[in-house]
Amino acid sequence: ATTTPAAPEEVWKALYDPARYPSWWVGWASVEPSEDGAFTMYPVGYPDFPMPQEVRTERDDCRVTVSCQVSDLIFEWRLDDEPSGGTRISVHVEIPEGEAHRLEDQRAAVHGSLVRLADLAGATAPRASAPRRR
């Protein structure tokens, strides 16, 4: 998990839209949307290896779940208000036994993705203006 000074709405903008995933999700080179709301991801370095994904958004709970249809990895991203302001971003990853050998690589990618998502949301969030003196 990580935090960003951005409001949950700002993080949500990058999280719910698969077209924006390559800008923050480590290892994702490009995304091709499909008609049914699913999409295909192409990993960095493997432009000829399409990986179909399903995405489910739960706006009321501030959750986005991405399920890889090739490796059966499931990523559940969650956003929570931080008491001091900003947003806590967390992700729970389900890795099937057959993919356990990828655990360390996935940990590194998820950590990097959390940081990049927080930075992206923080950079695009409206800035509070300085107080005015009278």
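This is a predicted model: local features need pLDDT of at least 70, side-chain atom pairs count only at pLDDT 80 or more; totals for chains, interfaces and linings use all residues.

Entry 1: Residues are numbered from 1 along each chain as its sequence is written, and side-chain values use heavy atoms, with hydrogens and water left out.

**Entry 2: the overall layout.** The protein chain has two helices and seven strands. Read from the N terminus, their order is β-α-β-β-β-β-β-β-α. The C-alpha trace spans about 65 × 30 × 30 Å along its principal axes. I also checked burial (buried is under 20% relative accessible area, exposed is over 50%, partly exposed is in between, with a 1.4 Å probe and protein chains only). Of the 134 residues in the protein chain, 37% are buried.

**Entry 3: the largest pocket.** A pocket is found on a 1 Å grid over the protein atoms alone: it is an open set of points where a 1.4 Å probe fits, with protein on both sides within 12 Å along at least five of seven lines, and lining residues have an atom within 4 Å of a point. The points are joined across faces, edges and corners, and the volume is the space filled by probe spheres set on them. For the largest pocket, that volume is about 270 Å³. Which residues lie nearest its centre? I found Val26, Trp28, Met41, Arg102 and Gln106 there, out of 16 lining residues. The lining is made of 10 nonpolar, four polar and two charged residues. At least two lining residues come from each of β3 (39-43), β4 (51-58) and α2 (103-124). The element that gives the most is α2, with three residues.

**Entry 4: a nonpolar patch.** Next I looked for patches (residues with over 30% relative accessible area and no salt bridge, where like charges are joined within 9 Å and nonpolar side chains, namely Val, Leu, Ile, Met, Phe, Trp and Tyr, within 5 Å). Areas come from the Shrake-Rupley method with a 1.4 Å probe, and for residues only the protein chains shown count as cover. Tyr46, Phe49 and Val70 make a nonpolar surface patch of about 310 Å². Phe49 sits in the loop between β3 and β4, and is partly exposed at 41% relative accessible area.

**Entry 5: salt bridges.** A salt bridge needs a side-chain nitrogen of Lys or Arg within 4 Å of a carboxyl oxygen of Asp or Glu.

- Arg56 pairs with Glu58 at 3.4 Å, N to O. Arg56 is partly exposed at 46%, and Glu58 is partly exposed at 24%.
- Glu104 pairs with Arg107, with the closest N and O atoms 2.8 Å apart. They are three residues apart in helix α2, so about one helical turn separates them.
- Arg78 pairs with Glu76, with the closest N and O atoms 2.9 Å apart. Is each one buried or exposed, or in between? Arg78 is partly exposed at 32%, whereas Glu76 is buried at 16%. Salt bridges with shared partners link Arg63, Glu76 and Arg78 into one network.

Entry 6: Most residues other than glycine have a negative phi. Cys62 has a positive phi, near 55°. Cys62 lies in the loop between β4 and β5 (63-68), and is partly exposed at 23%. Asp72 also has a positive phi, about 65°, and is not a glycine. Asp72 belongs to the loop between β5 and β6 (74-81).

Asp60 is in the loop between β4 and β5, and with 80% relative accessible area it is exposed. Ile95, in the loop between β7 (87-94) and α2, is partly exposed at 27%.

Note on methods:
Helices (H or I, at least four residues) and strands (E, at least two) are DSSP runs, numbered from the N terminus. Ala, Val, Leu, Ile, Met, Phe, Trp, Tyr, Cys and Pro count as nonpolar, Asp, Glu, Lys and Arg as charged, and the others, Gly among them, as polar.
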